[in-house]
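Open the model in your viewer and keep the selection tool ready.

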Amino acid sequence: MRPGASENEFRRQVEPGWYPEMDSMSACTEWCKSHASCIQATFSYVGVPEGGNPCHLFEERGEVYDFRDDFNASWCGTLEQTDYLVGELKKVFEQKPWVGDNFGAVPCGFGGDDCQESRCCGSQTCTWDFSKCEYFKCIRKDENFAGCAAEPEGGWDGEILDYGPSDEDLPAVEDGKLAHPTSLFCFVVMMPGARASAGVQEDEGALVATMKETSSSVYSCDEQLVIEGWVNSGSEANIDAFIQYWGKVKEDGRYMLHDWVIKADADCIFMADRVKAHINQFKPPAGAAVYFRNTAFRFNFMGAFEMMSREGAQVFFENNWQCDAKIGHTGGEDYWMKLCLDTLGLRHISDYALLYDKYAAQNDCVDSWAAAFHFYKTPEQVKSCLNGINR
């Protein structure tokens with residue numbers, strides 16, 4: 001439930017220094033029941049520092065915000081209100097969309113995996129420049145095994161059961177059901193020092209400082225994390241570093257307090273209100289593990305602006321070791337990430353107006369609907385881009 005008013009500590013007036021330990025939802029609920037003005041109690045350890053209080057009490061009842069296993073809420077009222085509260089509770093659960101187990105993610109197999117059950121293979125073969133890629137096939141070997149492979153091996157039955165992940169977009173939520181909320185946790189990796197890039201001297205520290213000064217990009221989000229990067233060389237090293245940067249997001253943990261996770265390059269300019277407008281347009285069901293395909297260029301996903309739901313990030317964090325072990329570290333981190341998310345079974349939304357990118361021959365910031373613009377290498381370029389966005 002989204003709180004309907006500011007929180008009240010509800011400390012006992014007779015013993016103002018005593019506040020019981022809130023170590024369970026039942027204890028939190030009982031504390032609410034012991035105060036006549038308490039209407040709603042919420043309980044969760046997510047985002048609570050060590051020694052902090054996971055119980056929060058409110059004097060007004062909030063509206064439905066999300067359905068999550070790691071949060072709980074109770075409503076308090078008089079016995080005369082029982083029928084009313086039960087009716088209101090029924091209305092709450094009527095809004096819960098069905099997304100399925102594992103937040104709706106249905107994993108595929110990697111190369112060599114048994115695909116008899118999933119009938120889906122996420123590994124690919126690509127041309128040298130990754131301009132064209134084809135998924136492995138799920139090929140029957142015999143009655144006991146079907147494997148993910150580019151072609152059948154010697155002695156295999158050879159029957160093709162299916163191919164790669166579904167290319168269908170996640171449908172919008174049904175009318176009357178809860179769409180995914182839009183709180184954003186954003187992070188950027190800032191490489192220290194100045195270096196030549198796209199014909200200018202780029203200083204990512206100065207770019208991030210400009211974002212902060214102008215409340216743009218990651219600093220327009222509800223919360224943000226700035227990670228100091230390290231110099232690496234080559235595609236494989238770049239992907240290794242990229243995996244470690246995402247590990248820092250998991251370690252930070254604040255992404256769990258929000259609805260979407262965004263990774264943006266330091267030279268990518270965006271405003272959170274436009275991003276939220278795009279989310280609202282597509283109305284993904286609350287609780288779905290989903291990511292956005294962001295461009296019509298190449299394989300429809302560019303790493304300058306990557307966005308997935310919190311549930312998608314949970315699936316990724318729990319299972320990305322498989323991608324690390326089974327996907328080759330060539331082709332760039334954006335190709336690696338898209339293939340990983342697809343193979344782990346995340347659904348996707350194709351929003352080719354989300355990212356406006358110079359690599360796709362989109363060269364200004366005046367598009368009135370695009371949410372993110374890449375690449376802008378100096379503080380002056382950033383501010384010029386922001387002027388175009390704000391026209």
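Select Cys323: this residue is buried, at 0% relative accessible area (buried means under 20%, exposed over 50%, partly exposed in between, with a 1.4 Å probe and protein chains only). This is a predicted model, where local features need pLDDT of at least 70, side-chain atom pairs count only at pLDDT 80 or more, and totals for chains, interfaces and linings use all residues. Residues are numbered from 1 along each chain as its sequence is written, and side-chain values use heavy atoms, with hydrogens and water left out.

A disulfide joins Cys323 to Cys340, S to S 2.1 Å (a disulfide is a pair of cysteine sulfur atoms within 2.5 Å). The torsion about their S-S bond is about 80 degrees, so the link is right-handed. The pair links distant parts of the chain: Cys323 sits in helix α6 and Cys340 in helix α7 (residues 333-343), 17 residues apart. Helices are DSSP runs of H or I with at least four residues, numbered from the N terminus. Cys340 is also buried, with a relative accessible area of 0%.

Next, select Cys126 and Cys133. A disulfide joins them, S to S 2.1 Å. Cys126 is partly exposed at 29%, and Cys133 is partly exposed at 26%.

Move to Cys32 and Cys38. Their sulfurs are joined at 2.0 Å. With -105 degrees about the S-S bond, this link is left-handed.

Methods:
Helix = DSSP H or I, 4+ residues; strand = E, 2+ residues; numbered from the N terminus.
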